[in-house]
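My notes follow in the order I looked things up.

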Amino acid sequence: MHLDEKNTMRYCRHILLPAIQEDGQETLLQSHALVVGAGGLGCAVLPYLAAAGVGRISLFDADTVDITNLQRQILHTESRVGMNKVHSAIETLSALNSEIHLAAYEEHFTENHAELIKSADVVIDCSDNIETRLLLNRLCWQHQTPLISGSAIRMEGQLIHFPMRDNDPCYACVAALFTEHSLSCMEAGVLSPVVGTIGTLQASEALKALLQLQPERVSLLLYDALQLEFRRFSVPKQASCSVCSEPRNTKR
């Protein structure tokens with residue numbers, strides 16, 4: 001997909017931004033975003049990527065829509081309970097922007113999908129388990145693909161943008177600091193707009209990554225919805241990290 005007269009009108013509010021303009025919007029139209037998870041975070045990320053004109057979006061999720069999802073997963077509807085989440089999400093996204101290419105993967109993301117990381121321009125991690133997060137991190141590090149990681153639980157959320165530059169830390173550096181098992185939304189609950197807040201921020205960071213507007217340093221952003229407070233912390237690179245302290249197997 002290319003920027004033509006029709007699309008220029010559609011994306012004119014982007015084109016007016018000095019950081020985007022016509023060249024930047026053309027970049028978005030030619031970009032490929034990989035989103036893992038069509039739950040609460042993914043349902044906030046995806047409509048903004050689609051609306052922004054990211055030309056190709058690949059989406060992974062093996063789960064089906066459950067009645068308990070509707071409290072926060074706003075791409076899905078009551079009539080789609082029992083439908084696979086990726087197909088439900090794509091049905092909504094196609095109505096939002098029929099010109100972009102949407103690929104549905106009704107399965108869990110595994111090592112077998114590594115080539116998609118290589119072809120993607122950005123990966124947005126909206127998964128709900130540490131194994132998938134660590135796998136995405138390792139593959140993104142190998143292929144120097146920017147990774148946008150988000151999570152939300154109770155009334156709190158966190159966000160990290162990993163550009164995957166040589167001197168940057170990676171998600172494994174952060175995971176090494178975890179001292180106890182992380183609870184899931186099923187176990188601890190979550191305030192519905194919190195996933196929307198974090199997911200929207202993930203979408204912003206993903207678009208920035210596509211436009212090469214990367215952060216100067218990697219930091220962890222914490223959101224406290226109860227106190228309406230954001231806090232930012234530097235993320236140190238772990239010298240003994242099993243991922244980013246080792247030479248890359250591949251280069252872009």
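Entry 1, salt bridges. I started with E229, which forms a salt bridge with R231; their closest N and O atoms are 3.9 Å apart. I kept the pair because the cut-off is 4 Å between the side-chain nitrogen and the carboxyl oxygen. The model is a predicted one. I then looked up the exposure of both partners. E229 is partly exposed, at a relative accessible area of 36%, and R231 is also partly exposed, at 42%.

I asked how many salt bridges the rule gives in total. The count is seven. I wrote up three of them here, including the E229 pair above.

Next I took D125 and R133, whose side chains meet in a salt bridge with an N to O distance of 3.3 Å. Are these two residues buried or exposed? D125 has a relative accessible area of 1% and is buried. R133 is at 8% and counts as buried, because the limit for that class is under 20%.

The last pair I noted was R138 with E111, a salt bridge at 2.5 Å, N to O. This pair links distant parts of the chain, 27 residues apart. R138 sits in helix α7 (residues 130-143), while E111 is in the loop between β3 (101-105) and α6 (114-119). Both ends are partly exposed: R138 has a relative accessible area of 29%, and E111 has 40%.

R138 and V243 are 105 residues apart along the chain, yet their C-alpha atoms are separated by 6.1 Å.

I looked up the packing of α4 (residues 40-52) with α5 (residues 85-96). The angle is about 30° and the axes are 9 Å apart. That makes α4 roughly parallel to α5, because angles under 35 degrees fall in that class. The crossing is right-handed. From α4, the residues in the contact are L46, P47, A50 and A51. From α5, they are A89, L93 and L96. I sorted the contact residues by class and got seven nonpolar, no polar and no charged.

Which residues make the contact between α4 and α10? On the α4 side I listed G40, L41, A44, V45, Y48, L49 and A52. On the α10 side I listed V195, G196, I198, G199, T200, Q202, A203, A206 and L207. By class, this contact has 11 nonpolar, five polar and no charged residues. Glycine goes under polar in this scheme, so G40, G196 and G199 sit in that group.

Definitions and conventions. Residues are numbered from 1 along each chain as its sequence is written. This is a predicted model: local features need pLDDT of at least 70, side-chain atom pairs count only at pLDDT 80 or more; totals for chains, interfaces and linings use all residues. Side-chain values use heavy atoms; hydrogens and water are left out. Helices (H or I, at least four residues) and strands (E, at least two) are DSSP runs, numbered from the N terminus. Buried means under 20% relative accessible area, exposed over 50%, partly exposed in between (1.4 Å probe, protein chains only). Axes are lines fitted to C-alpha atoms, for helices over the stretch in contact, and angles run from 0 to 180 degrees between N-to-C directions. Angles under 35 degrees count as roughly parallel, over 145 as roughly antiparallel, 65 to 115 as roughly perpendicular and the rest as oblique. A crossing is left-handed if the near helix is turned anticlockwise from the far one by less than a right angle, and right-handed if clockwise. Contact means heavy atoms within 4.5 Å.
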